[in-house]
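Dear colleague,

Please find below the sequence and structure for your review. My findings follow directly after them.

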Amino acid sequence: MAYSGNLFVVSAPSGAGKSSLVKALMEVDARVRPSISHTTRAPRGQEIEGREYFFVSDAAFDALAAADGFLEWAQVHGNRYGTSRAGIEAHMAAGHDVVLEIDWQGALQIRQRFAGAILIFVLPPSLDELRARLLRRGEDAPETIALRLQNAERELAQAERFDYVIINAVFECALFDLKAIVHAQRLRYAAQRRERAETFGALGIA
Ligand code: 5GP
């Protein structure tokens, strides 16, 4: 699909702080649109249907996948998660920037479809801190936390396949880094020429 906005994909192991970073970015940047994924996992904590996720049964997920309703999907920590095509195509068609908060497998699938996607990996400052954050969150059962930590080391090894890395030691610094990446994409020649067509025209370089 031809697409004039930016497609940002943010991945990280659970507990690295990816969701908080993306949420904070969207609070200050109205040009970035989120994608709400579908998942077969149960809601946790304060999660609300249609806000964090669309929570669906295995059968509903199967039906959407069979109807080619996902741009990507993957099995993560024993549940399935997918980016719905309908959910983001409207944003893309309108030329908005879209941010996907998905795991590394999904990120690589997105890159196959959209060569221009910008892949960002968020790292925790250490494995100890990752464990501490998962425990502090207090939303997952001990066996879920154990599984997520076990998966984390394999996930971290995928960071080298991404375009950018943010180390989330101090939240404000990590947010600054994320904003910098988003801003830099908007300064690329093609983006500037599109956004500032009048200026380019006046300068005779359209
Ligand atoms: P959680 O259960 O903690 O909300 O998410 C678990 C993992 O699934 C996270 O790494 C999250 O980014 C990932 N995830 C969420 N939505 C999607 C999606 O649509 N596709 C893929 N591939 N991963 C997703």
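D62 is partly exposed, with a relative accessible area of 41%. In this predicted model, the side chain of D62 meets that of R80 in a salt bridge, at 2.8 Å from N to O. The two partners bring together distant parts of the chain: D62 belongs to helix α2 and R80 to strand β6, and they stand 18 residues apart. R80 itself is buried, since its relative accessible area is 13% and the limit for that class is under 20%. R80 also has a second contact, as it lies over the face of W73 at 5.7 Å from the ring centre.

The bridge between R80 and D62 is one of 16 salt bridges in the structure. Two others involve helix α5, which spans residues 127–137. In one of them, the side chains of E129 and R133 meet at 2.9 Å, N to O. Both residues lie in α5, 4 residues apart, or about one turn of the helix. E129 is partly exposed at a relative accessible area of 25%, whereas R133 counts as buried because its relative accessibility is 15%. E129 also forms a salt bridge with R136, where the closest N and O atoms are 3.5 Å apart. R136 is exposed, with a relative accessible area of 59%. Elsewhere, salt bridges that share partners join R41, R44, E47, R137 and D140 into one network.

How are the buried residues of helix α5 arranged around its axis? The residues concerned are L130, R133 and L134. They cover an arc of only 95° around the axis, and therefore sit on the same side of α5. The other side of the helix carries the exposed residues D128, L135 and R136.

At 38% relative accessibility, R131 counts as partly exposed. R131 and F114 are separated by 17 residues in sequence, and their C-alpha atoms are 33 Å apart in space.

I turn next to the aromatic residues. The structure holds 6 aromatic pairs. One of them is formed by Y53 and F55, whose rings are edge-to-face, with 5.7 Å from centre to centre and 65° between the planes. The edge-to-face label applies because the angle of 65° falls in the class of over 60 degrees. Both Y53 and F55 are buried. Together with Y81, these two residues form one aromatic cluster.

D68 has a positive phi of about 60° although it is not a glycine. D68 is found in the loop between α2, residues 58–66, and β5, residues 70–76. H77 likewise has a positive phi, of about 50°, and is not a glycine either. H77 is placed in the loop between β5 and β6, the latter covering residues 79–84. Are these two residues buried or exposed, or partly exposed? D68 is partly exposed, with a relative accessible area of 44%. H77 counts as buried, because its relative accessibility is 15% and the class takes values under 20%.

Finally, there is a surface feature to report. Y189, L203 and I205 make a nonpolar surface patch of about 320 Å². Of these residues, Y189 is found in helix α8, which covers residues 189–195. Y189 is partly exposed, at a relative accessible area of 49%.

- the salt bridge of R80 with D62, together with the position of R80 over the face of W73;
- the aromatic cluster of Y53, F55 and Y81;
- the positive phi values of D68 and H77;
- the nonpolar patch of Y189, L203 and I205.

With kind regards

Methods
Residues numbered from 1 in each chain as written. Predicted model: local features only at pLDDT ≥ 70, side-chain atom pairs only at ≥ 80, totals over all residues. Heavy atoms only, no water. Phe/Tyr/Trp six-rings, centres within 6.5 Å; stacked < 30°, edge-to-face > 60°. Buried < 20%, exposed > 50% of the residue type's maximum accessible area, 1.4 Å probe, protein only. Lys NZ or Arg CZ within 6 Å of the ring centre and 35° of its normal. Patch = residues over 30% accessible without salt bridge, like charges linked within 9 Å, V, L, I, M, F, W, Y side chains within 5 Å. Areas by Shrake-Rupley, 256 points an atom, 1.4 Å probe, with all protein chains shown as cover. Salt bridge = Lys/Arg side-chain N within 4 Å of Asp/Glu carboxyl O. Arc of directions from axis to C-beta.
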